[in-house]
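Welcome, and take a moment to turn the model around before reading on. We will walk through it together, one place at a time.

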Amino acid sequence: MSAVVDLDAAIGFVVAHGDAVDRARLSRLRTGAEVPGELLDAAETGQLPDGGWPATLDGAVGSVDATCYRLAELDDLGALGRPAARRALDWLAARQLPDGGWDEDPSLAEVAPEWARPGDPEARFYLTANAGFWLTVAGLDARAAGPLDHRVGGAYAGVVQAAAHAVAGQLAPDGSWPSFLPAGWLSAAVLHRQGMYDESARIQAVLAERVPRLSPADAAWLAATLRRVEVGEEQWLLVSARRRLAETQRSDGGWDSDDGHQFDVHTTLRAIRACRPAVTSAG
């Protein structure tokens with residue numbers, strides 16, 4: 001019999017160890033419940049006037065990586081249609097380079113983590129996949145001023161298409177990619193939504209081979225990302241990722257983060273997103 005994630009235990013872990021914003025994310029994921037305005041304001045705090053979020057609390061320069069991280073939190077809260085998310089998405093779109101990719105501001109070189117180091121080709125691929133993913137999934141919900149565009153990415157359709165081609169152009173014939181592991185599932189998601197199914201499937205085949213060795217945090221991130229772009233839940237990659245989560249769930253209901261136990265609640269929320277029954281109103 002295949003292992004099954006204990007969602008009740010996972011929910012209990014978040015309730016016991018999360019803060020008010022974490023618990024609001026949980027309620028939204030479970031039932032589509034509306035989130036109080038003051039909690040949304042708290043989740044949006046620290047945004048710079050130009051629309052990005054900084055890499056550090058006192059930073060004055062927007063970070064592509066940090067902004068994508070905040071958008072992930074706001075997505076769980078159903079807040080991608082609010083002004084803060086709209087400004088962030090406009091900022092991301094404006095930061096796209098002529099070749100369709102993204103890079104961090106050179107001034108962040110001293111504080112950027114390895115996966116977001118300015119000028120590094122591997123980091124650039126990852127940032128392109130990450131920014132492309134959020135513009136893909138949020139474009140219709142958080143479109144900029146102007147006519148409604150029903151294409152993938154909405155108001156950012158051209159930006160997203162350029163990002164997809166920038167990513168696809170760097171894939172090896174076997175589906176491998178010249179960057180960090182998470183860039184794989186982010187790229188697969190962007191390409192899937194662009195209808196570039198062959199390229200996406202080649203990446204997914206590579207990922208499927210790696211699932212048995214994935215950390216809990218990576219398994220949750222992979223599955224949540226692909227579910228967000230409506231990759232079928234019966235696909236082998238998603239089935240195997242959920243099995244990996246069942247194998248690695250702790251007795252207290254949570255999962256280990258790769259970034260220290262202070263982020264275990266975040267990882268657990270992502271695992272719940274990856275494994276929960278679909279709730280239409282929660283997005």
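Where is the place of D252? D252 sits in the loop between α11 and α12, the latter covering 264-275; helices here are DSSP runs of H or I with at least four residues, strands are E runs of at least two, and both are numbered from the N terminus. Before going further, please note that this is a predicted model, in which local features need pLDDT of at least 70 and side-chain atom pairs count only at pLDDT 80 or more, while totals for chains, interfaces and linings use all residues. Residues are numbered from 1 along each chain as its sequence is written, and side-chain values use heavy atoms, with hydrogens and water left out.

Back to D252, which counts as partly exposed at 36% relative accessibility. On this scale, buried means under 20% relative accessible area, exposed means over 50%, and partly exposed lies in between, using a 1.4 Å probe and protein chains only. D252 and A9 are 243 residues apart along the chain, yet their C-alpha atoms are separated by 6.8 Å. Leaving aside residues up to four places away in sequence, D252 touches A9 and F13, where contact means heavy atoms within 4.5 Å.

Axes are lines fitted to C-alpha atoms, for helices over the stretch in contact, and angles run from 0 to 180 degrees between N-to-C directions. α1 passes α12 in a left-handed crossing, meaning that the near helix is turned anticlockwise from the far one by less than a right angle (clockwise would be right-handed). From α1 the contact is made by L7, A10, I11, F13, V14 and H17, and from α12 by D264, V265, T268, L269, I272 and C275. Sorted by class, this contact has nine nonpolar, two polar and one charged residues; Ala, Val, Leu, Ile, Met, Phe, Trp, Tyr, Cys and Pro count as nonpolar, Asp, Glu, Lys and Arg as charged, and the others, Gly among them, as polar.

Next come α10 (residues 216-228) and α11 (residues 236-248), which pack at an angle of about 145° with axes 9 Å apart. Their contact includes L222 and L226 of α10 as well as L238 and L245 of α11. In the loop between these two helices lies E230, which has a positive phi of about 65° although it is not a glycine. Most residues other than glycine have a negative phi. E230 counts as exposed, at 67% relative accessibility.

Another helix pair is α4 (residues 64-76) and α6 (residues 121-138), packed at an angle of about 35° with axes 10 Å apart. Among the residues making this contact are C68 and L71 of α4 and L127 and W134 of α6.

What about the interior? The largest nonpolar core has 84 residues, and those with the most contacts inside it are L135 and L245. Such a core is a set of buried Ala, Val, Leu, Ile, Met, Phe, Trp, Tyr and Cys residues joined through side-chain atoms within 4.5 Å. The largest share of this core, 10 residues, comes from α6.

C68 is buried, with a relative accessible area of 2%, and C275 counts as buried at 16%. A search of the whole structure finds zero disulfides, a disulfide being a pair of cysteine sulfur atoms within 2.5 Å.
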